[in-house]
2 protein chains.
Amino acid sequence: MLILSNEDIEKLLPVGACLDVLEEAYRDLGNGMAATVPRYDVFSPTKPNEFYEYKTMSGVLPGRNIAALRLNSSIVKWYEKAGGVRKDKLPVAGGDRFVGLVMLFSTETGEPLAIFPDGYVQKLRVAGASAIAARYLARKDAKVMALLGSGWQASAHLVTMAMVRDLKQVNVFSPTPESRRSFVQEWKGKVAAELEEAGSAEEAIKDADMVICTTNSISALFPGELLQPGMHVSCVKPCELDVTAYKRSDPLIIHWREAKPFQIVVGVDPQSIPDVAEGWQHPITRKDEAIWDFPTITQLVNGQHPGRTRDDAISCFCNNIGLGLQFAAVGSEVLARAREARVGREIPTDWFLESVHP
Amino acid sequence: MLILSNEDIEKLLPVGACLDVLEEAYRDLGNGMAATVPRYDVFSPTKPNEFYEYKTMSGVLPGRNIAALRLNSSIVKWYEKAGGVRKDKLPVAGGDRFVGLVMLFSTETGEPLAIFPDGYVQKLRVAGASAIAARYLARKDAKVMALLGSGWQASAHLVTMAMVRDLKQVNVFSPTPESRRSFVQEWKGKVAAELEEAGSAEEAIKDADMVICTTNSISALFPGELLQPGMHVSCVKPCELDVTAYKRSDPLIIHWREAKPFQIVVGVDPQSIPDVAEGWQHPITRKDEAIWDFPTITQLVNGQHPGRTRDDAISCFCNNIGLGLQFAAVGSEVLARAREARVGREIPTDWFLESVHP
């Protein structure tokens, strides 16, 4: 069994490396040839205002002979920032670190194949999904992109979006001027497009063909009225866009038809947990707003939805919830490359097998 | 992080070792102080009549600071035997082995603590649940036990049942005469009770105070009319008892209020999978038979259900579905003893931590 680190994987896989395998996984899922096991979150109080959060999701991708588990075991807290509630993971594992793991299994022998942290692949799968959606939804001649956010997901989206459209200019906005400045400085010259700092979300969006939201904000980044005919907009969390943005979008494509993860709360009133009480309360995630009727990315890649059909449409991709299957897809690529490059630490698979079964 | 084998654990924990921690876990679950994450099974065809089966369940037991994942990654097939359909796991992992793993995490730091096979602990948790239920349901003066089955679970139940009642005689029946004979020979003298071979289920049950079913049969082991006032009956699978047995039982206690695991089938008609089509179709597992209204073992141990109140009642415990939480309970005991005895293989926890988080 192979043990890999984020650093190992980053060397093996450029950010845009998994678009093909992800698209293949969505296609198989849409055709009933792959499976995704829903996400469950358990919250259990540890100290006042601190919680243990245990999170699992899984996927089986027979086309690549891979099953994947993704598991997070974290200490979290919520705090007020900039008028909103933010959630933070506390680095309380040894060496001030975190625990998020992906474990891969063979669908041919059942054997465990690899285990690695989820940090780097998380970027790949989210930015991969957004780019695949943009491939079907953005205008073919889209040249200007508004990039809202300047963190990890912003950089990943910058790379994957540049793979699916011939970008000439990227307007970067994030509320902290130093953050957007250092983002532009870091990425200038690394992509073909010109990078420009924008003083506001409105300024970033004004002449854009694509508006790409990549923040961890739990409130809307701009008023939906700012969207113009012909634009494509996408988000990594439903709450980054307001109701107007969703209502003006047609087509509106979602990632998957689960309104929210299953949540189990131990020992306290569930409503005292912001993720339960508010985190998923955006209209787009509510059952009564008929999220079930929106087409998903699997229909887009399967040709069951035509994607963009008019130049003047506002198209939207809402990355409403992650899928365990994405980890099987990205994981199969990680594994293939690690084996080829002989990277990682091998421990005997033998340690994880048994001669009896229940 | 500690890696343990079935053999390590068998040396550390006698079969009856986990009754206390299991009872504690049920109590916490009933009080909303512990969580269990439902079981999901994914079936994906590999060859004609062979399937990859991926199975997960989890539990969080804050009272012991432990979260546990139990994961099975197996190749399975179904076949006809003795007029019924049986399911078999194929030993196709290296060295003709199987893959079933338990992984433990700390709810204080999130760190992975241990990983070990599920085989031996599976016995402990199932036989543990049956014995805890019998403690509340069987007559205090129960002396004669009918043990139906002669396999792994039969031996585990023999031990745990002898811990909760002062057994004088055990009547062992299983359809293959050699199996029941060798079971009696193997266990004679290892428990205080006399072991007797029975020529039929009826003969085993006749004078019994407890009727304990421990088979992997998917059809009823005896007609429910054979049960007599004052008896306690329990099963490890709902289908071991017929509708009459359930209807005559009062109180009838179930393990947990999930009618069946969630099942996801890839690539074929779900009805072609016996586990989906038939395996859980017993009336007791059907929603329309109101399984939701039966009290659970958590209510029994919490005093929310009085248990047996009359000497002439027929009581029943139906171990209808396993719980991820059981693995957290048993796992916490495994871990404590392994640490104390310094048993197992230590690998650096460091390999499983990350300095970033998604």
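Modeller: N65(A) sits in the loop between β3 and β4 of chain A. Strands here are DSSP runs of E with at least two residues, helices are runs of H or I with at least four, and both are numbered from the N terminus. The model is predicted, so local features need pLDDT of at least 70 and side-chain atom pairs count only at pLDDT 80 or more, while totals for chains, interfaces and linings use all residues. Residues are numbered from 1 along each chain as its sequence is written, and chains are lettered from A and ligands numbered from 1 in the order in which they are written.

Phi of N65(A) is positive, about 55 degrees, although the residue is not a glycine. Most residues other than glycine have a negative phi, and most peptide bonds are trans. N65(A) counts as partly exposed because it has 18 C-beta neighbours inside 10 Å. The scale is this: a residue is buried if 20 or more other C-beta atoms lie within 10 Å of its own, exposed if 12 or fewer, and partly exposed in between, with C-beta atoms placed from the backbone.

Another loop of chain A, between β2 and β3, holds N49(A). Phi of N49(A) is near 65 degrees, again positive in a residue other than glycine. With 11 other C-beta atoms within 10 Å, N49(A) is exposed.

Strand β3 of chain A contains M57(A). M57(A) has 25 C-beta neighbours inside 10 Å and therefore counts as buried. Leaving aside residues up to four places away in sequence, M57(A) touches V37(A), P38(A), R39(A), R70(A), G322(A) and G324(A). To touch is to be in contact, which requires that the C-beta atoms of two residues, placed from the backbone, lie within 7 Å. By contrast, the C-alpha atoms of M57(A) and D293(A), 236 residues apart along the chain, are separated by 23 Å.

Now to the partner chain. In all, 59 residues of chain A are in contact with 59 residues of chain B. On the side of chain A that touches chain B, at least two residues each come from β2 (35-47), β3 (50-61), β4 (66-81), β6 (100-106), β7 (112-117) and α3 (119-137) of chain A. That side of chain A divides into 31 nonpolar, 20 polar and eight charged residues. Here Ala, Val, Leu, Ile, Met, Phe, Trp, Tyr, Cys and Pro count as nonpolar, Asp, Glu, Lys and Arg as charged, and the others, Gly among them, as polar.

I347(A) touches M1(A), I3(A) and I347(B), not counting residues up to four places away in sequence. Although I347(A) and M1(A) are 346 residues apart along the chain, their C-alpha atoms are separated by 5.3 Å. I347(A) is partly exposed, with 17 C-beta neighbours inside 10 Å.

The domain assignment of chain A, whose bounds come from an automatic or database source, gives domain 1 (2-121 + 324-347) and domain 2 (129-318). Their C-alpha centres lie 22 Å apart. Domain 1 of chain A puts 22 residues into the contact and domain 2 of chain A puts in 29. On the domain 1 side, α2 (19-30), β2 and β5 (84-90) of chain A each supply at least two residues. The largest share of that side, eight residues, comes from β2(A). By class, the domain 1 side has 12 nonpolar, five polar and five charged residues.

D250(A) and P251(A) are joined by a cis peptide bond with omega about 10 degrees. In chain B, a cis peptide bond joins D250(B) and P251(B), also with omega about 10 degrees.

Last, the chain as a whole. Chain A has 10 helices and 16 strands. Its radius of gyration, 20 Å, is close to the 21 Å that the globule rule gives for 358 residues, so chain A is as compact as a globular protein of that length. That radius is taken over C-alpha atoms, and the rule is 2.2 Å times the number of residues to the power 0.38. Of the 358 residues of chain A, 56% count as buried.
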